[in-house]
Amino acid sequence: MQRLFKEQAALIAASDLFDANWYQHAYPDVEASGLTPLEHYCQFGSALGRDPGPAFSSSAYKFLYPDVAVSGVDPLYHYLTVGEGENREKLVDKGLLWFEQSLPFFPLSVVTTNQLEPSGNGLFVTTGNDPHFIFDVPAELQQEGWFLLKTALKMPLPSRVKWYFSTNNGFNEQEVFLDLVRAGSWHCRLIKIEQAQDSIKQFRLDPTEQEGVLLNAEVALCKLTPSQALHWLQSIQVSYSEQSTQEWLEKLYTQQTENEPLLALAYQAYQSSFLLGSFSYHAWQIAFERRVRLSDTLISEQLTEMTNTPLISIIMPTYCPPKAFLIKAIESVIAQRYPFWELCIADDASPEDYVKETLLHYASVDKRIKVVIREKNGHISAASNSALAIADGAYIALMDHDDELAEDALFYMVQAINKHPEAQVLFSDEDKIDQHGKRFDPHFKPDWNRDLFFSQNYVSHLGVYKASLLRKINGFRLGVEGSQDQDLLLRCLLHITDDQIIHVPKVLYHWRALEGSTALAASEKSYTSDAGIKALVDYFNLAGLPKVEVTSAFVSNTYRVTYPLPDTLPLVSMLIPTRDKIELLRPCVESILAKTHYQHFEILILDNGSIEPETLTYFKTVQLRDERVKVITYNHPFNYSAINNFGAKHAKGEILALINNDIEVINPEWLDEMVRQVLRPDIGCVGAKLYFDDDTIQHAGVVVGLGGVAGHSHKHFPRQHPGYFGRLKCVQNYLAVTAACLLVRKSVYEQVGGLNEADLKVAFNDVDFCLKVYKAGYRNLWTPYAELYHYESKSRGVEDTPEKQARFQVEVNYIRDNWLDLIEHDPCYSIYLTRSFEDFSVKLN
């Protein structure tokens, strides 16, 4: 074997295709390894799929010659010993862009449009929820096979688009190709057409389902050979798969059969990447971790500059963990690049000898590791307290016995402590890790979100606490095992303020997903839910709120916190602006009157110039039929902010409800729930869960910064979807909620000056209002327990004239000029989630 290695190295060294200087410069870890470039390439670089020089691409060679990929032979060595003699090509991978630019694309012509009206400057405005373009396919391309559709979409945001193709039988709605098209740049989508020869006549592009969007699309089409299709898939696979190119190829080679060849398998994986919520965590790790990893030198320099480098005590209770994962957990602590730590392990009387032996071994080789062996099993809270008792650090980090820390977990926590010296509690993002070490299911968290925490323990890992705070509350409490970490933080909340809880937006903790672990599924440990309810009930009792009720919610280990209504119910004044549109107004008002359980309300219909006889008749009859309904005339040009401010002055209620005239009640308890929430002294605006008429989400909170200004959370998700980590089923704080159904105390409304009728007459006035309330010190809140339909914008129409578009842009500029800090960072959202879509998908740039 050694002789063979020497022969291979000698042959590679003699070849002008191996460039030692280029190799060392291209891969900086070579110098650190202490090996020569040639030694490193032969021992490691080849196996890692690295190129030996600028004139030879290992990945391209293996791609073109599958027998090389299967054999495991170094591509350059194969070329030198076999390939060159067989006249195989030595390849330089010029990249995906070069490949796409070299293809013969045919521009497609628009032959018809639907719900798209010309709006000047070559743009269209969408006028309904089914806008689409139809393109003719050139005769020479009307065939089956592999195609690249190349699209340039001009619109304000990237879009999840749909493609359909037409056969001799017309368009088939069941044959749809999903795609994600970035705004303003060319984008390619691979499509396989399996119909009969000469049957493909047209393509249809559905760019959006929203009204009032300015857009245009250019489309070109190219026919590919199967080998070109496979090459294209191989070139872009890293953007959606969880594997390196080598792993991707090897997996496909082992899976392929006569019925499912390599290309078919690759295409299946590509197609699945367009499913809702799918993304490549592998690609994310490359973009946000590997490319920004700090060098050891930089870590050392930053530590020298820090004014506070505290000792961090990591407490780890153990009880019979699998030995391999216990070792990995301990090793992940030893690998920390922040050196000032101690690992305090308390074994809870594990019956297996290997646990004690392993712990004592590590304690003997690293003096920073302390071990206490409990004589009697007391469960996790008692064991955690035993570990806490031997901790000397100024801060305490919590870690389970089979999980892993990221190598810079402690460094980034201490970095945050230096930036926020007031911090009492810190927490990070996290992911899961399987038994093979593969990371998956990352949880990109918002900053501290008090009401979301009451709904679920999203804080979880990695948690770091001021040691003095934990001693003040006497550490972990017995009797809440299963939710002991949640209980710990709840009891801390009684002694700290919200601004002392700091979120570190980095994935610093890898939660082991094994059978029986709540990392794998919350339902794996049903007792945790009961413990969580007890922890919350006890917290509210200690907080002076004994009448608060806590029950299990829709998703495992989530909770519904129900606040009490006062004995004397406050009057709610519902403000409903309208101008005719009786087909919307009547169902709105009648559903409120007929379905609402909370009865102490008044409805103020704010009439902005209705003239239709049916509307005027309804005004009279509804007021006669129910004395709680009043029609108040507002004879001024349409100004949504001014109309509501006008209505607020006439309102007799302690609570104002801003209601669109295209709202319809679903659940009778909607107003009870919203009143319960809005009466809490620290809550400002309360928003509801609103649906389109197809039972998909219209509003589930507003994320500031989406699309450059603001957008709705989880828009178009199915009604029963749990949302991102259950957030569609949890009460939580958002910076803003829509005024289509918004409750606020009248005193708060007046405190911030109501809606801005001077600068925001139509759009974004609700966002601006909510942000004013937030800046005044209140938390805005969204609840899934108030459900209504919202037939969005049907009463006002779309931005379909130059005047409306100009006004809309002015309002956009106003929001950006006044709220840029929150647009750039919404604390109720994650910096790693998209700002282009409303689906909580992960961004990759």
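I take buried to mean under 20% relative accessible area, with exposed over 50% and partly exposed in between, using a 1.4 Å probe and protein chains only. Helices (H or I, at least four residues) and strands (E, at least two) are DSSP runs, which I number from the N terminus.

The model is predicted, so I note the limits: local features need pLDDT of at least 70, side-chain atom pairs count only at pLDDT 80 or more, and totals for chains, interfaces and linings use all residues. Residues are numbered from 1 along each chain as its sequence is written, and side-chain values use heavy atoms, with hydrogens and water left out.

**Entry: strand β6**

I looked up β6, residues 145-154, and found nine of its ten residues buried. For pairing I require that DSSP finds at least two bridges between two strands. β6 pairs with β9 (residues 186-193) in the antiparallel sense, over eight bridges. With β11 (residues 214-224), β6 also runs antiparallel, and nine bridges join them. I then followed T151: H187 stands opposite it in β9, and V219 is its bridge partner in β11.

**Entry: helix α12**

Is α12 enclosed or open? Eight of the ten residues of this helix (residues 281-290) are buried, so α12 is largely enclosed by the rest of the structure. I list the buried ones as Y281, H282, A283, W284, Q285, I286, A287 and F288. I count contact as heavy atoms within 4.5 Å. The cover over these buried residues includes β17 (425-433), β18 (439-443) and β20 (501-512).

**Entry: aromatic pairs**

I pair rings of Phe, Tyr and Trp (its six-membered ring) if their centres lie within 6.5 Å; planes under 30 degrees apart count as stacked, over 60 as edge-to-face and the rest as tilted. The structure holds 31 aromatic pairs. One of them is W163 with F203, edge-to-face at 6.2 Å centre to centre and 90° between the planes. This pair links distant parts of the chain, 40 residues apart: W163 is in β7 (residues 159-167) and F203 in β10 (residues 202-206). W163 is buried at a relative accessible area of 0%, and F203 is buried at 1%.

I next checked F540 and Y563: their ring centres are 6.0 Å apart and their planes at 85°, so the pair is edge-to-face. F540 lies in α21 (residues 527-542) and Y563 in the loop between β22 (559-562) and β23 (572-578), 23 residues apart. Both are buried.

Ring pairs also link F124, F133, F135, W163 and F203 into a cluster.
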